[in-house]
Amino acid sequence: MPNVRGEVEVSYVHHDLSGTISQFGNNPSVLSADGNFSTLYVLGNLWYDLNVGGGITPYLGGGLGGAVMLPDVTYSGSIFSFSTAAAAFAGQLGAGVKFQLTDNVAIDVGYRAKAVVGGKLAST
């Protein structure tokens with residue numbers, strides 16, 4: 001299939017966390033969260049190129065694989081934190097446009113929406 005290309009993706013996302021969260025249930029309270037949350041993805045992707053000519057190639061596709069969640073979050077006013085890594089199933093969908101500048105050089109502008117499914121973090 002000449003319009004389908006595959007790739008193996010390894011990507012890393014890091015978020016700093018600070019703010020408050022509301023805890024509901026028998027003992028409602030407001031807790032301050034501080035720390036960071038990172039995720040390492042390993043995905044196998046397939047992209048379908050739509051040949052429209054003129055050196056511009058829109059594409060769409062996605063991938064499946066796994067993710068390792070790496071939390072380091074502490075909640076003040078509480079006795080728990082999250083600091084143990086957890087693995088889970090991951091996937092993504094995406095689309096974009098590739099602009100061919102020369103035979104060997106292209107600029108790619110795209111968007112990828114990733115999701116982690118079934119990941120469970122244990123408090124420490």
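Is G66 buried, exposed or partly exposed? Hi everyone, let's start there. G66 is partly exposed, because its relative accessible area is 24%, and here buried means under 20% relative accessible area, exposed over 50%, and partly exposed in between, using a 1.4 Å probe and protein chains only.

A quick word on what we're looking at. This is a predicted model, where local features need pLDDT of at least 70 and side-chain atom pairs count only at pLDDT 80 or more, while totals for chains, interfaces and linings use all residues. Residues are numbered from 1 along each chain as its sequence is written, and side-chain values use heavy atoms, with hydrogens and water left out.

Back to G66. You'll find G66 in strand β3, residues 56–76; strands (E, at least two residues) and helices (H or I, at least four) are DSSP runs, numbered from the N terminus. Setting aside neighbours within four places in sequence, G66 is in contact with L40, Y41, V42, L43, A88 and A90, where contact means heavy atoms within 4.5 Å. G66 and A87 are 21 residues apart along the chain, and their C-alpha atoms are separated by 7.1 Å.

Now for the partner strand. Strand β2, residues 29–49, pairs with β3 in the antiparallel sense over 18 bridges; two strands pair if DSSP finds at least two bridges between them. As one example, T39 has M69 in β3 as its bridge partner. The two strands form a hairpin with 6 residues between them, and G53 in the turn has a positive phi of about 85 degrees.

Next, the salt bridges. A salt bridge is a side-chain nitrogen of Lys or Arg within 4 Å of a carboxyl oxygen of Asp or Glu, and by that rule the count comes to 4. One of them joins R5 and D49, at 3.0 Å from N to O. That pair links distant parts of the chain, with R5 in strand β1 (residues 4–23) and D49 in strand β2, 44 residues apart. R5 counts as partly exposed at 26% relative accessibility, whereas D49 counts as buried at 10%.

Which residue does E9 form a salt bridge with? The partner is K114, and the closest N and O atoms are 2.7 Å apart. E9 lies in strand β1 and K114 in strand β6, so the pair ties together parts that are 105 residues apart in sequence. Salt bridges that share partners join E7, E9, R112 and K114 into one network. Within it, E7 and R112 have their closest N and O atoms 2.9 Å apart.
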